[in-house]
Amino acid sequence: MRSPRRVQGDHPFLLSTSPPSRNQERLAVCVLVVLVVELLVTMPFARIPLTGTEVLLPAYGAAILLIELITSALLLALFSVQQSRAVLVLAIGYLFSGLMVVPWMLTFPDVFDALGLDAGLQATASIAALRRLGFPLFVLAYALSKDGATSAPRFQGSVRKAIVGSVAGTLAAAGGLTWFILANDDSLPNFMRNARNVTDLWLYVPTMAVFLYLTALAVLFVRRRSVLDLWLMVVLCTLLIEIILLSYISAGIRLSVGWWGGRSYGLASASIVLLVLLSESTTLYARVARSVSAERRARETRLTAMEALSALIAHEINQPLASMVTNAAAGLRWLEKKDPDLGEVQAALKRIVNDGHRAGTVIESIRTMFKKDTRDRVPLDVNQLIEEVLGRCRDDARLGRVTVETALEPGLPTVTGNPIQLQQVLSNLVSNAIDAMCPVTGRARVLRVTSRSQVPGEVMVSVEDSGSGVDPELRGRIFEPFFTTKPDGMGMGLMFCRLIIESGGGRLWADDNVPHGAVFRFTLPGSDDGVWPVGEQAR
């Protein structure tokens, strides 16, 4: 079977544009099988009269009226979104069919006689004939006018005026036809022999109805595109079974088993599109809810990432800026002396220049974190990196009265990474250790940095301090963005360190130091390309 195609440019999730799924096609076939089985069960008893069942007609008519009005309203809502003339025609068809149920029910013999409603013998059958032939004509008009693959022109006018005008016109047409039938009973075709049995003339009505059902069914099958087309085909099949049961199997005998069986098919056919509309609307609402939720989460994630990136840049730039301000102030003090020491001024200016270059490299290292380019990753000597970082932090350690110790294992395997980023990791860990020991009194303030190799080919670096340590309850959060235990901290340094280490294939974690303080350790995988760092090649 040829798969339906979706019209390009249409809304992909609407009932009238989305192609049916394989499961929907299987469900439609199952529904038809059930209806055919019901027909076979009803056939042997079709002509048995069920006297006294007229009291059920008001309930049946009210159910049909309510269902078809709701279906029409939902189709009009669909038209307001898609603005398809075909959907508007189908909505009018359901509205007309529902409205014509009212006079059919009110004029049915022996139902509302107590209210003095006597419309004549032929009025009910004439209204039924109009309704029976009118609905398939609307469906046929829908099938012929619905958009094809060439994108037929859409409705261009005011949607509100179109809906109001269509509803008003349908009400006027239904009212005018009802008035004409009720006022001209003597001129109506002689469809009924008596209140229960039809004449031979009535047999032309089901014949024409069957022809219209089959024609609309064939056009829909050829031009089917959407879920709505599929279920309209099921509706026409149901109406086809209904008319066969009502007019041929039960011989048109009113209030017989076959007659009531046919009415059940009419109720089913009226309900099918309504149920599909409600089901698809619920599914669409669930999709929209999930989409909105996902979009909200994505927006929050982007905002958090932007805040984290901004804070990260501010955190990493703050250190060289603070150093530049300190050196500039020192240089001014040397110049303000009676005998300016130009050598010290020159040294301060050199440190300012170096801090400026350092700030630039920090920005560049942050930028490279978000690049997939690996050209900035080179073989590195970890011990050399440690010595360079400790050399820059020597003044801070001296001001904090911190003793720096190292235990660097010689002959470590090289690691591959960005030297600026790894220096920044070490600088952050050392600065944190010095800050952690500032409040310590009564014991030595010792910063100990060690390096050693371990299996399998990794290098592990430890930065130990003798401070107050990390609260065990907070240890799981210290690597989260914006979490800090410092009064003036930003909570980005450790997150930055972990991001760099993990991007290089290593890991970073915190432990307690014995007997006091904390120790931060990170590992980096050794280089497996046999490249030695600069300086080692000459040995």
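This is a predicted model: local features need pLDDT of at least 70, side-chain atom pairs count only at pLDDT 80 or more; totals for chains, interfaces and linings use all residues.
Residues are numbered from 1 along each chain as its sequence is written, and side-chain values use heavy atoms, with hydrogens and water left out.

**Exercise 1.** Determine which kind of aromatic pair Tyr94 and Phe135 form.

Solution. Rings of Phe, Tyr and Trp (its six-membered ring) pair if their centres lie within 6.5 Å, and planes under 30 degrees apart count as stacked, over 60 as edge-to-face and the rest as tilted. The structure holds 8 such pairs. For Tyr94 and Phe135, the centres are 5.0 Å apart with 80° between the planes, so the pair is edge-to-face. This pair links distant parts of the chain, with Tyr94 in helix H3 (residues 85-106) and Phe135 in helix H4 (residues 123-145); helices are DSSP runs of H or I with at least four residues, numbered from the N terminus.

**Exercise 2.** Decide whether Tyr94 and Phe135 are buried or exposed.

Solution. Buried means under 20% relative accessible area, exposed over 50%, and partly exposed in between (1.4 Å probe, protein chains only). Tyr94 has 1% and Phe135 has 7%, so both count as buried.

**Exercise 3.** Find where the buried residues of helix H10 lie around its axis.

Solution. In H10 (residues 382-392), the buried residues are Val382, Asn383, Leu385, Ile386, Val389 and Leu390. They lie on the same side of H10, because they cover an arc of only 155° around the axis, taken from the directions from the helix axis to the C-beta atoms.

How values were computed. Helices (H or I, at least four residues) and strands (E, at least two) are DSSP runs, numbered from the N terminus.
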